Amino acid sequence: MNVMAACRLAVVAAALAVAASCANGSSRQPVSDECDTTGSIAVLAASSMSRVFAESEQSFLDAHPCVEDVRFSFGSSAVLAAQIANGAPVDVFVSASTSTMQQVIDGNVTTEVPVVFASNSAALLVADGPGVAGSIAGLADLLDERTPGVKVGLCVPSAPCGALADAVLANAARAFGEPGLSRAEIADTEASSAEDLVTKVRLGELDAGIAYASDCATGSGVRCIEIPAEVSGQAVNSSTALSAVAVSGTTGARDFVRFLSDREMRSRLVDDFGFGVP
């Protein structure tokens, strides 16, 4: 065999070796040696974020090979904060208000710094159908003297959506000259979380409820009435800040917080899910 033929055989052999290597999957990028996450992360999150995470979890996993899966638990931020204070295992806490986030920080369960990634304002959600609900056009229509027989729900006062509703009602009572616009006067029932309240309105168990503007993006079953920022120069609507903290401080937890606050995700929160800018 001459030299030229031997060279050709060497090139062919090398090509076959590369092809075999690719076929066996050895061309995949290895998981970083810096990974300190053991396969999954636990996220306790405000119920208003349930749809966001259902539609964005896979994007996070695709971009972060250190994390195999994310285990979500949703509920009222106040309830979740209490669970964390009592030792519930968690990597990331996502809160719908700064006050509930502060409870976790004050509990000294983490040395990480929370990141504010979005905001939310209040909205009036009305059952989509005829009857009493069909005559509701604004906050003043939640009063029995304006809409006889109206059934109204609010989140419990300790939940961020409940605290937001109370602030809006207090503002509206002043702006509209309607002192009856208060929890004590209009609330027929209280829900444990925003998700619970929206479900009750959607099912027709309630005619209306004050929840989040982001709940207006959830689809059919409810009619959403915008609450104005102000009336005659007086503030009416109010807002709350959403924040996240990597409680465990692991790589996966920190990556999840960064994922929430990156530019692309912030744009999606506003454009696709009805949240406001931080």
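Mentor: One definition first. A residue counts as buried when its relative accessible area is under 20%, as exposed when that area is over 50%, and as partly exposed in between. Keep in mind that this is a predicted model.

Now the bridges. Searching the whole structure turns up 2 disulfides. Start with Cys216 and Cys224. Their sulfur atoms sit 1.8 Å apart, and the pair is a disulfide. How accessible is Cys224? Its relative accessible area is 34%, which falls between 20% and 50%, so Cys224 is partly exposed. Cys216 has 29%, so Cys216 is partly exposed by the same cut-offs.

The other link joins Cys155 to Cys161, with an S to S distance of 2.0 Å. Is this pair buried or exposed? Both Cys155 and Cys161 are buried. The angle about their S-S bond is -105°, and the link is left-handed.

Step back to the chain. It holds 9 helices and 11 strands. Of its 278 residues, 44% are buried. Take the contacts between residues at least 6 apart in sequence: 75% of them join residues at least 24 apart.

Ala211 belongs to strand β7, which covers residues 208-212. With a relative accessible area of 2%, under the 20% limit, Ala211 is therefore buried. What does Ala211 touch, leaving out residues up to four places away in sequence? Its partners are Ser121, Ala122, Ala123, Leu125, Leu197 and Val198. Glu195 is 16 residues from Ala211 along the chain, and the two C-alpha atoms are 8.8 Å apart.

Now the helices. Two packed helices are described by the angle between their axes and by the distance between those axes. Take helix α2, residues 50-63, with helix α8, residues 251-261. Their axes come within 12 Å and cross at roughly 120°. The crossing of α2 past α8 is right-handed. On the α2 side, the contact uses Phe53, Ser56, Ser59 and Phe60. On the α8 side, it uses Gly252, Asp255, Phe256, Phe259 and Leu260. By class, this contact has 5 nonpolar, 3 polar and 1 charged residues.

Helix α2 also meets helix α9, residues 263-271. Here too the axes come within 12 Å, with a crossing of roughly 140°. The cut-off for roughly antiparallel is over 145, so α2 and α9 count as oblique to each other. The way α2 passes α9 is right-handed. From α2, the residues in contact are Val52, Glu55 and Ser56. From α9, they are Met265, Arg268 and Leu269. This contact has 3 nonpolar, 1 polar and 2 charged residues.

Key. Residues are numbered from 1 along each chain as its sequence is written. This is a predicted model: local features need pLDDT of at least 70, side-chain atom pairs count only at pLDDT 80 or more; totals for chains, interfaces and linings use all residues. Side-chain values use heavy atoms; hydrogens and water are left out. A disulfide is a pair of cysteine sulfur atoms within 2.5 Å. Buried means under 20% relative accessible area, exposed over 50%, partly exposed in between (1.4 Å probe, protein chains only). Axes are lines fitted to C-alpha atoms, for helices over the stretch in contact, and angles run from 0 to 180 degrees between N-to-C directions. Helices (H or I, at least four residues) and strands (E, at least two) are DSSP runs, numbered from the N terminus. A crossing is left-handed if the near helix is turned anticlockwise from the far one by less than a right angle, and right-handed if clockwise. Contact means heavy atoms within 4.5 Å. Ala, Val, Leu, Ile, Met, Phe, Trp, Tyr, Cys and Pro count as nonpolar, Asp, Glu, Lys and Arg as charged, and the others, Gly among them, as polar. Angles under 35 degrees count as roughly parallel, over 145 as roughly antiparallel, 65 to 115 as roughly perpendicular and the rest as oblique.
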